[in-house]
Amino acid sequence: MEYTPEVVRRFDSPRRAGELQAGLPGLVSGEAEDRTLQVWVRFQLQVIDGAVRAARFAAFGCPHTIAAAGYAAEWLEGRLASDIGRLDMREVESELGVPIEKRGKLLRIEDALAACGLALNKDVTKD
Amino acid sequence: MNAEIYLDYAATSPLDPAVAAAMSDCLAHEFGNPSSQHAAGKRARALVEAARAEVAARVGAAAERIFFTSGATEANNLALKGSLARRGARAHLVTSTIEHRSVLDAARALEQAGVAVTYVPADSLGRVAPDDVARALRAETALVSIMHVNNETGVIQDVDSIGALCRARGVPLHVDAAQSVGKVPLDVGASRIAVCSLTAHKVCGPKGVGALYVAEGVSLAPQMHGGEQEHGLRAGTLATHQVVGMGKAYALADAAREGPRLKALLDALWRRLAAIPGARLNGDPDGRAPHVLNVTFPGVEGEGLRLALRDLAVSAGSACAADSPEASHVLTGMGLSDALAASSLRFSVGRFTTEAEIERAGERVATEVDRLRALAVGAPAWCSA
């Protein structure tokens, strides 16, 4: 398997990896998995006043999965909450040079982000 | 980044300088065809026969029972196809589920040609039980093929017992001994081995050359036609320099001398790796060759682990299957899930491996396993199963 320098860089030194502190105000979480593809991804976002103040990811998966999840977390931090779910995974695929056979794994990242959006909407509705 | 640490001797090994020197000398001065009758050919012939004697001595055979091939893959194919070719429609082959691909694929090709094949399973420690082999035998069994040292786990099969039961039943035993020479004792006569595949490049010899031991009284159908070389068993001009290299490599490959050092290196590596939470040794801990260590690291995705450890030359599964995304058939045959098999690495050491390399490799593996597990914090249980 060949990897672009960007994937290797994000795999070796992932940014926004880890967890946000439990109990943080505005904390939402979303995850998705596919056992067949050996992928699990979770995003934790702190959303305050409609803005993503902090984003973190955790991932079990191949280097492309880790690189793409980190890319997504970086993209989200600082954006509006309404942008969750608007990250175009084809852009991620292109930016990182993800091979087509890995596309299914990127879809799980998309699912995890969607789960964050659902969790956020549920919190908003509750409020 | 530090230079790559090579821990993949089970895949191939660096050429010993003495082997390189012998080959270079041959290439520079003896280009004759060993089948020719003039002086140049006879000198080349003499070199071939000297090498044949070295190979024979290393495995306890008579020189005239050694036939050179292009490697163990060809030898395995010749052993299986050559044995079954003359046995007709009801022929039967017994082998195991954990053989090298060159045996399994040859067996499958024979199946497609109508040969019945029984694949004896291994247990969870990677051992093929002689009793299971015995139970698989039929009146029409033409050959049993069981490898000596497994290339992925290093587990040593009980070829002595299997050889004895095959001899008692009048069935020839073929042993793929590609991983044996220079690591564990091998005596084809004492083990009652009828046919034995050998290679040079796992013992600091050149790639592209191997040999097949064929016991007296065993008849194989040639698979290469076009000359009377190797007493008609394997046509084709011998690459004298390659054969010389194999002879020199076998002369240097002394399991009694090298084995203990290799074992000490791998024992040191395993001590370091065993301290990593959840790390599991694959294969019989007591019945293993000294140069191969296969370890599973649960909770770490395999492709990521290999990229993280790209400064270590190690294998996930065999080199022959390196391009295949499928899990190791040896590890899954031992009961590991596809995921755990993919999270496994094979470390194999050899003549030029140093203690410093082992220490560094252990540190690197521990560091990267920790890092990748931390990236997967909160992952569900199946990621470690």
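Biologist: What distance separates the centres of domain 1 of chain B and domain 2 of chain B, taken over C-alpha atoms?

Modeller: In this predicted model, the two centres are 28 Å apart. Domain 1 of chain B is made of residues 5–13 and 254–384, while domain 2 of chain B covers residues 17–252.

Biologist: How many residues does each domain of chain B bring to the contact?

Modeller: Domain 1 of chain B brings 34 residues and domain 2 of chain B brings 27. On the side of domain 1 that touches domain 2, helix H8 (255–274), strand E10 (292–296) and helix H10 (329–333) of chain B each give two or more residues. By class, that side of domain 1 has 13 nonpolar, 15 polar and six charged residues.

Biologist: Which elements of chain A each supply at least two residues of the side that touches chain B?

Modeller: The contact joins 19 residues of chain A to 13 residues of chain B. Strand E2 (39–48), strand E3 (51–60) and helix H2 (63–76) of chain A each supply at least two residues of the chain A side. The largest share, three residues, is that of E3(A). By class, this side of chain A has 12 nonpolar, three polar and four charged residues.

Biologist: What makes H1(A) roughly perpendicular to H2(A)?

Modeller: The axes of helix H1 (residues 5–12) of chain A and H2(A) come within 8 Å and cross at roughly 80°. Angles of 65 to 115 degrees count as roughly perpendicular, and therefore H1(A) is described as roughly perpendicular to H2(A). In this contact A:Val7, A:Arg10 and A:Phe11 of H1(A) meet residues of H2(A), among them A:Pro63, A:Ile66 and A:Tyr71. The residues of the contact are six nonpolar, two polar and one charged.

Biologist: How do you know that the buried residues of H1(A) are on the same side of the helix?

Modeller: The buried residues in H1(A) are A:Val7, A:Arg10 and A:Phe11. They cover an arc of only 100° around the axis, so they are on the same side of H1(A). Their cover includes H2 and helix H3 (89–96) of chain A, together with helix H9 (302–308) of chain B.

Biologist: Why is B:Asp176 called buried?

Modeller: The threshold is 20 or more other C-beta atoms within 10 Å. B:Asp176 has 30, so B:Asp176 is buried. B:Asp176 is found in strand E6 (residues 173–176) of chain B. Leaving aside residues up to four places away in sequence, B:Asp176 touches B:Ala72, B:Asn76, B:Glu99, B:His100, B:Val103, B:Met147, B:His148 and B:Ser197.

Biologist: Is A:Asp49 buried or exposed, and what shows it?

Modeller: A residue with 12 or fewer such neighbours counts as exposed. A:Asp49 has 8 C-beta neighbours inside 10 Å and therefore counts as exposed. A:Asp49 is found in the loop between E2 and E3 of chain A. Phi of A:Asp49 is near 50°, a positive value in a residue other than glycine.

Biologist: Is B:Cys204 buried or exposed, and how do you know?

Modeller: B:Cys204 has 25 other C-beta atoms within 10 Å and is therefore buried. B:Cys204 lies in the loop between strand E7 (195–199) and strand E8 (210–214) of chain B. Phi of B:Cys204 is near 65°, again a positive value in a residue other than glycine.

Notes. Residues numbered from 1 in each chain as written. Chains lettered and ligands numbered in written order. Predicted model: local features only at pLDDT ≥ 70, side-chain atom pairs only at ≥ 80, totals over all residues. Contact = placed C-beta atoms within 7 Å. Helix = DSSP H or I, 4+ residues; strand = E, 2+ residues; numbered from the N terminus. Nonpolar A, V, L, I, M, F, W, Y, C, P; charged D, E, K, R; others polar. Axes fitted to C-alpha atoms, helices over the stretch in contact; angles between N-to-C directions. Parallel < 35°, antiparallel > 145°, perpendicular 65-115°, else oblique. Domains from an automatic or database assignment. Arc of directions from axis to C-beta.
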